[in-house]
Amino acid sequence: MNREKAGSGLFFIALTIELLILLVDKSAITNPIEGRLFQITFLLFACKVCLTKYTAAEWTLIALFEMIGLISYLVTGRNEIIRIVTMIAACRDIGEKTVFSYMFRVVSAGCALIVLLSLFGVLGTVKMTAVFRADVEETRYCLGMGHPNSLHCMFFMLVLLFLYLYGSRMKKYWFGVLFLANILVFLLTGSKTGMAVTAFAVLMAAVLVSFPGLQEKKLAYGLTAALLGGCIVIAFVAAACSERLAYHDFLRMFDRLLSDRIINLYYDSASHAGTLPTWTLLGVPENEYYFDLGWVRLFYWYGIIPALIYIFILFLLIREFYREKAYMGIVVLASLFIYTLVEAHIISVYLARDYTLFLIGGRFEKMFGVNKGKRETDAERDKSE
């Protein structure tokens, strides 16, 4: 077995473990060895990196970001950045479409199994009755996923994978099928956020496929970059104004659309976790509280400097998508940006949740100009075929 095949095998073993950890977290199973499994996947990804041929410039880039991850670990005790950098570097020569295709199959099968186990009464609850909003008690379905929002979240994430893999060559009626499926899932979950962001992804993909001229123009890519910037501004305003939100009529009205997530930043924890005074340059060990509003959590957990570095890399990714005219990548990014404004699904210790990491991994050397023309991206390969 040559180095390339050995490295690819290690990568997919690690990815499989990460996906199984993700699925177990969504189920009713308790995972007592989660931390140990994260250590194993890190070592497997690191072995893949050691078996991969990089240029000197690429090694320098990897070392630089690993150093940032090490500093973050020493300051905060969080090892996610080290794990993220290693996984992104390990994506070299794999191809994100290969990765996403594998993820789609594994996660689809895993979710189907969780649903079936709940329906047959083996594991997890089928539905839950609670007060979800406006002091009204209602029954919603979670089908083994622990919460109705989690069920719609997993549907949304699978739709994103499906659109990225097949959207550019789908028959147009398939967009209608996805839209109808989204409505049906909403009838089960009642998740307005999940329904809205899934509908956005399907409609955006349908528009770009129906009007090919938009695929080449800067408009969609520029609007996605503006959307990213807008999300960061909203996150800052939310963190700064949470305590006094009642005195800002427009923001209060906007917050009601977010189910009071902004005002709850201040009132949900004794330390007012997530508010601007809790943001630090590099993060602190005490910042480990869980809340929604993913962009706020990014700054709160990891610190201002690491968060800004990640956001800068996302802007580079958008630029690279424009160069490749990879419009389905833009659909995935724009949808995740909006979802992360409300939910924190991808800002997590579970790396396989964050598709942006694999999109970066598929082209990190091109984004930073250290590839020296060694490799085609999936988008470029599709275009030449």
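At what angle do helix α6 (residues 148-166) and helix α7 (residues 173-189) pack, and how far apart are their axes?

**Entry 1: conventions.** I noted that this is a predicted model, in which local features need pLDDT of at least 70 and side-chain atom pairs count only at pLDDT 80 or more, while totals for chains, interfaces and linings use all residues. Residues are numbered from 1 along each chain as its sequence is written, and side-chain values use heavy atoms, with hydrogens and water left out. I took helices as DSSP runs (H or I, at least four residues), numbered from the N terminus.

**Entry 2: α6 and α7.** I looked up the pair and found an angle of about 170°, with the axes 9 Å apart. The axes are lines fitted to C-alpha atoms over the stretch in contact, and angles run from 0 to 180 degrees between N-to-C directions. The two helices are therefore roughly antiparallel (the term applies to angles over 145 degrees). On the α6 side, the contact (heavy atoms within 4.5 Å) is made by P148, L151, H152, F155, F162 and L163. On the α7 side, I listed F175, L178, A181, N182, V185, F186 and T189. These residues divide into ten nonpolar, three polar and no charged. Here Ala, Val, Leu, Ile, Met, Phe, Trp, Tyr, Cys and Pro count as nonpolar, Asp, Glu, Lys and Arg as charged, and the others, Gly among them, as polar.

**Entry 3: residues that touch this pair.** Is T198 buried or exposed? I found T198 in helix α8 (residues 192-210). T198 counts as buried because its relative accessibility is 1%; buried means under 20% relative accessible area, exposed over 50%, and partly exposed in between, with a 1.4 Å probe and protein chains only. Beyond its neighbours within four places in sequence, T198 is in contact with H152, F155, F156, V159 and N182. In α6 I also looked up N149, which is partly exposed at 25% relative accessibility. With neighbours within four places set aside, N149 is in contact with S191 and E343. From N149 to T278, 129 residues apart in sequence, the C-alpha atoms are 27 Å apart.

**Entry 4: helix α1.** The expected span is 1.5 Å times one less than the number of residues. At the N-terminal end, N2 caps α1, with a side-chain oxygen 3.3 Å from the backbone nitrogen of E4. The buried residues of α1 include F11, L15, E18 and K26. Among the elements that cover them are α2 (34-50), α5 (96-119) and α6.

**Entry 5: L15.** Which residues does L15 touch, not counting residues up to four places away in sequence? I found F45, V99, Y102, M103 and F358. L15 is buried, with a relative accessible area of 0%.

**Entry 6: T52.** I located T52 in the loop between α2 and α3 (56-76). T52 counts as buried at 7% relative accessibility. A polar atom of its side chain lies 2.7 Å from the backbone oxygen of K48. With neighbours within four places left aside, T52 is in contact with R3, W59, R92 and D93.

**Entry 7: helix α10.** The 24 residues of α10 (residues 218-241) should span 34 Å at 1.5 Å a residue, and the end C-alpha atoms are 34 Å apart, which agrees. Its buried residues include Y221, L228, I232 and C241.

Note on methods:
Angles under 35 degrees count as roughly parallel, over 145 as roughly antiparallel, 65 to 115 as roughly perpendicular and the rest as oblique. A polar contact is a pair of N or O atoms within 3.5 Å; within protein, one must be able to donate a hydrogen and the other to accept it, and residues adjacent in sequence count only if both atoms are side-chain atoms.
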